[in-house]
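Let's take a walk through this structure, one piece at a time. Keep the 3D view open as you read.

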Amino acid sequence: MAYHSFLLEPISCHAWNKDRTQIALCPNNHDVHIYKKEGNGWTKTQVLKEHNGQVTGIDWAPESNRIVTCGTDRNAYVWTLKGDVWKPTLVILRINRAARCVKWSPKENKFAVGSGSRLISVCYFEQENDWWVCKHIKKPIRSTILCLDWHPNNILLAAGSCDFKCRIFSAYIKEVEEKPAPTPWGSKMPFGEVMFESTGTAGWVHGVCFSESGNRVAWASHDSTVAVAEGGKTAVITSLSSETLPLLCVTFITENSLVAAGHDCYPALFVYDGEKGTLTFGGKLDVPKQSAQKGLTARERFQNLDKKATSDTKEAVLESLHKNSISQISILQGGKAKCAKFCTTGMDGGMAIWDVKTLESAMKDLKIV
Amino acid sequence: MAKNTLPSRFRKVDVDEFDENKFVEEHDEATEQPGPDTGEVDNLIRQGDMMSAFHVALRNPPINSKNPVIKEKAQAVVLRVLTSFKSSDIEPAVKSLDSNGIDLLMKYVYKGFEKPSENSSAVLLQWHEKAFAVGGLGSIVRVMTSRKTI
């Protein structure tokens, strides 16, 4: 587990380039900083200044090497590399509230922006006018969209919202693509069609993720639950109420295993069994270094009793790698089917890289199916 | 003297109802639960069968009801059962609940904290401690975020 502390401020969002040598992140201000890996450390190579408000989402398209950023200034910019410099192109999103999240589609010909205006802007490039155009998905969204994830077929888009629902929409744009083949989520996919809507969740949906095949979608919500839905004639939803603080981000690392992290500052593994229809907690993925448990002297015991009314030896210091909530998780190697490495960034300004093989061998009961 | 001659019916309109941003709670299709059966619970307490009284009291929570009377009644019944328990019996009672039951128990405990009576808070704190040991912080978060209040 490698941990690098970038800053003292929270990292609002981050994105990696294709070969994982560069990371673009927002240090909780209006800029995007790009760091390049040099040896064992990171050096800041560029600062992208264009936004007038906090940058809330960054996504780096691996093939076309373009960065899209969105912010609270209600704008999104597409950055292209011209020589050594990143040049921004403004995208008019036609929203009147802050943008909250942005994701490139798998084919990188469109991207979706979730905003506080209770709609999703799906943007595509119009060749004739040399301009990014956007279409809105409005119904039946009733509140801010917090997170997005694309289905591998480039058409379906999962969105988690503050109206307590996770939905899958069709973002089919006829100008840039062919009609899609039927999927377990449905066969008719006109733009804006709701293919799936979750029931039963009671909290804001903070994180959403499709599995590699696109047949499953998982979401984490503010009522400390994680749920997985499997597409089919009637979608089957399985959810797990966890005993931890709410989770903020979730991702599939194999078709059956999820890693999620949030306000408890450590990533946790969840295992989904499609046949039995169960979702179970697989274990904490953060093994704190076993600090020598020195015995408390009688004096210390009395001091504890006096100060904290307890003779408990548990300190108030967090033992996990991250010292504050983890807000984003991204896959580094292996894709969502056989993830080998993933990265987490959080409000402590740090980034941790987790190696799946090392975790599996370090924790004996851990089974990643 | 200064009588209003212009149309003023618009002043009686509640403009907030027409605000397109207004969040209207979805009405749950589930049937309204009447709340636990007071008579049955009383009988079981009198017989000394605290475990069954506990389980009966936690049945049929009035979550879909908009009637405050039913909610008050349910809260009173549950509080009676919780205060009639011996301290040593609290832990096995909590252990006999499933995860939904723990969440429901936590909801009643926090509702009980809202209107404390002489000894209720001390007893509720004991129940809180035992329920927290099983349900963790998640159960408390679910009490805070749940849209379906008991």
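Chain B has 6 helices and 0 strands, where helices (H or I, at least four residues) and strands (E, at least two) are DSSP runs numbered from the N terminus. Going along the sequence, the pattern of chain B reads α-α-α-α-α-α. The radius of gyration of chain B is 21 Å, well over the 15 Å that the globule rule gives for 150 residues, so chain B is more spread out than a compact globule. That radius is taken over C-alpha atoms, and the rule is 2.2 Å times the number of residues to the power 0.38. The C-alpha trace of chain B spans about 75 × 35 × 30 Å along its principal axes.

A quick word on ground rules: this is a predicted model, in which local features need pLDDT of at least 70 and side-chain atom pairs count only at pLDDT 80 or more, while totals for chains, interfaces and linings use all residues. Residues are numbered from 1 along each chain as its sequence is written, chains are lettered from A and ligands numbered from 1 in the order in which they are written, and side-chain values use heavy atoms, with hydrogens and water left out.

Of the 150 residues in chain B, 37% are buried (under 20% relative accessible area, with exposed over 50% and partly exposed in between, using a 1.4 Å probe and protein chains only). Among contacts in chain B (heavy atoms within 4.5 Å) with a separation of 6 or more, 75% join residues 24 or more positions apart.

Now for some helix pairs. Helix 1 (residues 38-47) of chain B and helix 2 (residues 50-57) of chain B have axes that come within 8 Å and cross at roughly 165°. These two, helix 1 of chain B and helix 2 of chain B, are therefore roughly antiparallel (over 145 degrees; under 35 is roughly parallel, 65 to 115 roughly perpendicular and the rest oblique). Helix 1 of chain B brings Glu40(B), Val41(B), Leu44(B) and Ile45(B) to the contact, and helix 2 of chain B brings Met50(B), Ser52(B), Ala53(B), Val56(B) and Ala57(B).

Further along, the axes of helix 5 (residues 99-114) of chain B and helix 6 (residues 120-145) of chain B come within 8 Å and cross at roughly 125°. That makes helix 5 of chain B oblique to helix 6 of chain B.

Over in chain A, Thr251(A) sits in strand 22 (residues 247-252). With 5% relative accessibility, Thr251(A) counts as buried. Its contacts include Cys209(A), Leu258(A) and Lys336(A), leaving aside residues up to four places away in sequence.

Note on methods:
Axes fitted to C-alpha atoms, helices over the stretch in contact; angles between N-to-C directions.
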